[in-house]
Amino acid sequence: MRLPLPQFASQAHQPNHIAEVIETSTVEFLAQCLEPDSLSFAQMPPFGSWVKAADEDSGNQIFGVVYHATTSPLDSVHRATALGLSLAELREQQPQIFAMLKTEFRVAIAGFQPAGDTIFYQHLPPRPPQVHQAVYTCEADDIIAFTEQLDFIRTLMDMRSAPVDGLIAAVIRQVYQLRKLDRDWLVQTGRVLNVLLKDDYDRLRIILSQIHP
């Protein structure tokens, strides 16, 4: 039987509340998506999308980007098997399937914002968010404000467990679209990447080739 994550009344109605921290470390955290209200799979956040969670002790809002996501059975002993059914047919014939799966995603921490402050710090925070803290998708205004500075790119490049080049390309692509194709921002980002990659033009070309409107 599936054990639902705790959902408190103060948070249940916030549409951007998508998950809960279930594992945490200095550079990243793992979150489990909340159960959907209907018979459906939990909504997996896109690769490179921005999320945030809180360190309640300090009041810091921790910002990060999704770099890995999985949907798997709750029971680690039994694997899912192909049933040859459409989503509608699953709802009708095998509705219990949706209660037997979990969706999790890993987040690379990119920076933080202290409580009551308007400044974003683009380096690792003193502490990551605690276990069982709510995870929210970031509003466009927060993403645009956070990415005014580009030091977060270096922070992401230091990740050892993430597909760094693809992640950076996905992040830049999303922000470029949110900024309504701001060419000046994109050019400045390319210059920062070139410096960080130490003139590795092949790697730079591959990253930039993945950035499109």
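**Exercise 1.** At what angle do helix α6 and helix α7 pack, and how far apart are their axes?

*Ground rules.* This is a predicted model, where local features need pLDDT of at least 70, side-chain atom pairs count only at pLDDT 80 or more, and totals for chains, interfaces and linings use all residues. Residues are numbered from 1 along each chain as its sequence is written, and side-chain values use heavy atoms, leaving out hydrogens and water.

*Step 1.* Find the elements: helices (H or I, at least four residues) and strands (E, at least two) are DSSP runs, numbered from the N terminus. That puts α6 at residues 183-196 and α7 at 201-209.

*Step 2.* You get about 145°, and the axes lie 9 Å apart.

*Step 3.* List the contacts (heavy atoms within 4.5 Å). From α6 come Gly 190, Leu 193 and Asn 194; they meet Tyr 201, Leu 204, Ile 207 and Leu 208 of α7.

**Exercise 2.** Is Glu 104 buried or exposed, and what does its side chain make a polar contact with?

*Step 1.* Locate Glu 104: it's in strand β5, residues 101-113.

*Step 2.* Apply the cut-offs: buried is under 20% relative accessible area, exposed over 50%, partly exposed in between (1.4 Å probe, protein chains only). With a relative accessible area of 14%, Glu 104 is buried.

*Step 3.* Look for polar contacts (N or O pairs within 3.5 Å; within protein, one atom must be able to donate a hydrogen and the other to accept it, and residues adjacent in sequence count only if both atoms are side-chain atoms). The Glu 104 side chain has one with the side chain of Lys 102, at 3.5 Å.

*Step 4.* Skip residues up to four places away in sequence, and Glu 104 still touches several others, including Ile 22, His 68 and Thr 70.

**Exercise 3.** Where are His 132 and Lys 198 found, and what is the phi of each?

*Step 1.* Recall the background: most residues other than glycine have a negative phi.

*Step 2.* His 132 is in the loop between β5 and β6, with a positive phi of about 75°. At 52% relative accessibility, this histidine is exposed.

*Step 3.* Lys 198 is in the loop between α6 and α7, with phi near 55°. Lys 198 is exposed too, at 71%.

Terms used: Axes are lines fitted to C-alpha atoms, for helices over the stretch in contact, and angles run from 0 to 180 degrees between N-to-C directions.
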